Amino acid sequence: MVKNGHIVRVLITGKNGQLGWELVNRAPASVNLTAFSSTELDITEPQSIQNAMTRVRPDVVINTAAYTAVDKAETDSDKAYEVNAQGAINLAQACKIANVRLLHVSTDFVFDGTKHSPYLTTDTPNPLGVYGASKLAGEIGVQSQLPDSVIVRTAWVYSTHGNNFVKTMLRLMQEKAQLGVVSDQIGTPTYAAGLADWLWAVCQNDSVSGLYHWTDAGVASWYDFAVAIQELAQEKGLLKKMIPILPIYAEQYPTPAKRPPYSVIDKTSAEQDSGVQTTHWRKQLSIMLDELAKP
């Protein structure tokens, strides 16, 4: 990625997370990339950010660092806000001072899920729990510091790297005689590799700024997702047997944090402005499972 005769320097936070890992893995060869883990760059510490900025002198920062333990956040709200809100603001302030572009990742959990059609970027957020509220506070803080930043909300992220719903389901399908999976929470899975590709496309286009939504295409419940995981995994030799998967209501599986019952988000502007089209979640799941099945 060459602009004005020089290679673009990109700094990534949260490199050990699912998205951070995919961004590093899928970086264009022309990028001068430096990625930090949360122990190497602590976004809650302005001095840690300053040290990294001085060392890398980036043109673009992609922030994937986040507190993502949705249920734990209900009793650990100080930490959630420290990372998701103040940490994001710290980064935005550092980028503003250094005149650096910021791409920041947020969540569908900023919505309450009472809508029955895909959420637009113009819809009013109303988070149900601490995680969504802390991420929304981060969005607001970033926008106030850097109006030209890129903020992208995503949902139901999974990857071959790290812990996620797909890998948990594969493990349980091998261990259990049957599974009950929530069928009344509706959204869209997101293969982190697809989101990484979108972020790299945006990174190469200075004219893109503002608030966006990005997931894979299509709609699913967690139950639909689990059924597809089992079907495709058996086809690819990742599972030796099929087990019954039963649809259950969210109230039968209570969690400390309330989840939005409907959190499908509209990707129209993200596709138009980036030139990247979404891929159906089932196709992306198949690609991910092919990766897992590789010897």
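This is a predicted model: local features need pLDDT of at least 70, side-chain atom pairs count only at pLDDT 80 or more; totals for chains, interfaces and linings use all residues.
Although Trp156 is not a glycine, its phi is positive, at about 50°. With 10% relative accessibility, Trp156 counts as buried.

A second residue of this kind is Asn99, found in the loop between H3 and E6. Asn99 is not a glycine either, and its phi is positive, near 55°. Is Asn99 buried or exposed? Its relative accessibility is 71%, so Asn99 counts as exposed.

**Relative accessibility of some residues**

| Residue | Relative accessibility | State |
|---|---|---|
| Ser37 | 5% | buried |
| Gly132 | 3% | buried |
| Trp156 | 10% | buried |
| Cys203 | 0% | buried |
| Asn99 | 71% | exposed |

Ser37 from the table belongs to the loop between strand E4 (32-36) and H2. Setting aside residues up to four places away in sequence, Ser37 touches Lys15 and Asn16.

**Helix H4 and its surroundings**

Let us move on to helix H4, which covers residues 130-145 and so has 16 residues. From its first C-alpha to its last, H4 reaches 22 Å, close to the 22 Å expected at 1.5 Å a residue. Several of its residues are buried, including Val130, Tyr131, Lys135, Leu136, Glu139 and Val142. What covers the buried residues of H4? The cover includes helix H3 (77-98), along with strand E6 (101-107), strand E7 (150-154) and strand E12 (210-213).

Gly132 lies in helix H4 and is buried, at 3% relative accessibility. Leaving aside neighbours within four places in sequence, Gly132 is in contact with Phe109, Val110 and Pro127. Gly132 and Ala257 are 125 residues apart along the chain, and their C-alpha atoms are separated by 9.9 Å.

In soluble globular proteins, nonpolar side chains tend to be buried together. Here, the largest nonpolar core has 30 residues, and those with the most contacts inside it are Leu11, Met53 and Val61. Helix H2 (46-56), H3 and H4 are the elements that give two or more residues to this core. Which element provides the largest share of this core? That is H3, with 7 residues.

Met53 shows how such contacts look in detail. Not counting residues up to four places away in sequence, Met53 touches Leu11, Pro58, Val61, Ala94, Cys95, Ala98 and Val100. Another core lies apart from the largest one; it has 27 residues, among them Leu172, Tyr191, Phe225 and Ala233.

**The cysteines**

Cys95, one of the residues that Met53 touches, brings us to the last topic. How many disulfides are there in the model? The count comes to 0. The cysteine sulfur nearest to that of Cys95 belongs to Cys203 and is 12 Å away. A disulfide needs two cysteine sulfur atoms within 2.5 Å, so at 12 Å from the closest cysteine sulfur, in Cys95, the sulfur of Cys203 is too far for a bond. Cys95 is buried, with a relative accessible area of 0%, and Cys203 counts as buried at 0% relative accessibility.

Conventions:
Residues are numbered from 1 along each chain as its sequence is written. Side-chain values use heavy atoms; hydrogens and water are left out. Buried means under 20% relative accessible area, exposed over 50%, partly exposed in between (1.4 Å probe, protein chains only). Helices (H or I, at least four residues) and strands (E, at least two) are DSSP runs, numbered from the N terminus. The expected span of a helix is 1.5 Å times one less than its number of residues. Contact means heavy atoms within 4.5 Å. A nonpolar core is a set of buried Ala, Val, Leu, Ile, Met, Phe, Trp, Tyr and Cys residues joined through side-chain atoms within 4.5 Å.
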